[in-house]
Amino acid sequence: MAERRSDRVYGWQWKWYHWDNQQFNNVDGARRWVKWAMKKYKVAGVPTVRAKVKGQVSFFRPIDWSIHLLKHHWNVAVALHESAHVIHFYYYGDNDDPHDEKWLGIFLWLLIESGLWPREAILASVKKNNLTYSNQMSPAAIKRKHPCVTFKNLRKKKGSK
Ligand SMILES: [Zn+2]
């Protein structure tokens with residue numbers, strides 16, 4: 001179940017034409033957007049963002065609070081995709097379905113807030129791909145929630161993609 005939703009998320013995401021391109025010359029461009037996202041959601045620790053040379057996927061790794069980005073993922077959309085995982089983990093902890101409705105609600109909020117894509121276009125494309133999301137995931141909506149992560153207990157958490 002969880003995997004199928006992830007596949008649908010990826011399917012939707014890669015339809016956006018520049019999402020899989022190397023938009024920035026180096027990982028700093030992506031790093032700036034991760035920092036921007038953390039500030040919006042008041043996440044206490046900005047993750048380390050590293051360039052990834054080998055492998056097939058980019059990911060967020062909770063155990064050392066790091067994001068690893070393949071070169072062709074140095075763009076705003078992937079930086080915000082991974083940032084949404086960080087925010088999701090920070091407020092809700094580990095999850096069997098990392099691309100659940102809450103995560104997508106956060107990702108969409110960030111994409112729209114970036115001002116790079118029209119809200120109507122983003123929401124219409126999500127709808128067309130039958131992806132459901134929570135619309136209660138703005139920073140204002142979740143600001144009273146107590147974070148699940150304290151940086152002391154991070155080492156005990158297992159990794160998630
Ligand atoms: Zn993901």
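## Notebook: sheet, helices and their packing

I began with the sheet: strand β1 (residues 48-52) and strand β3 (residues 66-70) pair in the parallel sense, and I count 5 bridges between them. I keep in mind throughout that this is a predicted model.

I looked up the partners along that pair. Thr48 has Ser66 as its bridge partner in β3. For Lys52, the bridge partner in β3 is Leu70.

Next I turned to strand β2 (residues 59-61). It is joined to β3 by 3 bridges, and the two run antiparallel. Here I found Phe59 standing opposite His68 in β3. β2 and β3 make a hairpin, with 4 residues between them. I checked the turn as well: Trp65 has a positive phi there, about 50°.

Which order do the strands take in the sheet? I read β1-β3-β2, an open sheet of 3 strands with mixed pairing. β1 and β2 are the edge strands, since each pairs on one side only. I noted an average twist of 25° from one strand to the next.

Helix α2 (residues 27-40) lies across β1 and β3. Its direction is at about 150° to β1.

**α2 with α3**

α2 and α3 pack at about 40°, and I have their axes 9 Å apart. That angle makes α2 oblique to α3. I put the crossing of α2 and α3 down as right-handed.

Which residues of α2 meet α3? I listed Ala30, Trp33, Val34, Ala37 and Met38 in α2, which meet Val76, Ala79, Leu80, Ser83 and Ile87 in α3. Sorted by class, the contact of α2 with α3 has 9 nonpolar residues, 1 polar and no charged.

**α3 with α4**

From α3 it takes Val76, Leu80, His81, Ser83, Ala84, His85, Ile87, His88 and Tyr92. From α4 it takes Lys102, Trp103, Ile106, Phe107, Leu110, Leu111 and Ser114. By class, I get 10 nonpolar, 5 polar and 1 charged for the contact of α3 with α4.

I went back over both lists for α3. Val76, Leu80, Ser83 and Ile87 are among the α3 residues that meet α2, and Val76, Leu80, Ser83 and Ile87 are also among those in the contact with α4.

**α4 with α5**

α4 passes α5 in a right-handed crossing.

What makes up this contact? Leu108, Leu111 and Ile112 come from α4, and Arg119, Ile122 and Val126 from α5.

**Whole chain**

To finish I stepped back to the whole protein chain. How many helices and strands does it have? I have 6 helices and 3 strands. Read from the N terminus, the elements go α-α-β-β-β-α-α-α-α. The radius of gyration is 15 Å, close to the 15 Å that the globule rule gives for 161 residues, so the chain is as compact as a globular protein of that length. I also noted the box that the C-alpha atoms fill along the principal axes: roughly 40 × 35 × 30 Å.

Notes. Residues numbered from 1 in each chain as written. Predicted model: local features only at pLDDT ≥ 70, side-chain atom pairs only at ≥ 80, totals over all residues. Contact = placed C-beta atoms within 7 Å. Nonpolar A, V, L, I, M, F, W, Y, C, P; charged D, E, K, R; others polar. Pairing = 2+ DSSP bridges. Axes fitted to C-alpha atoms, helices over the stretch in contact; angles between N-to-C directions. Parallel < 35°, antiparallel > 145°, perpendicular 65-115°, else oblique. Left-handed = near helix turned anticlockwise from the far one by under 90°. Rg over C-alpha atoms; globule rule 2.2 N^0.38 Å.
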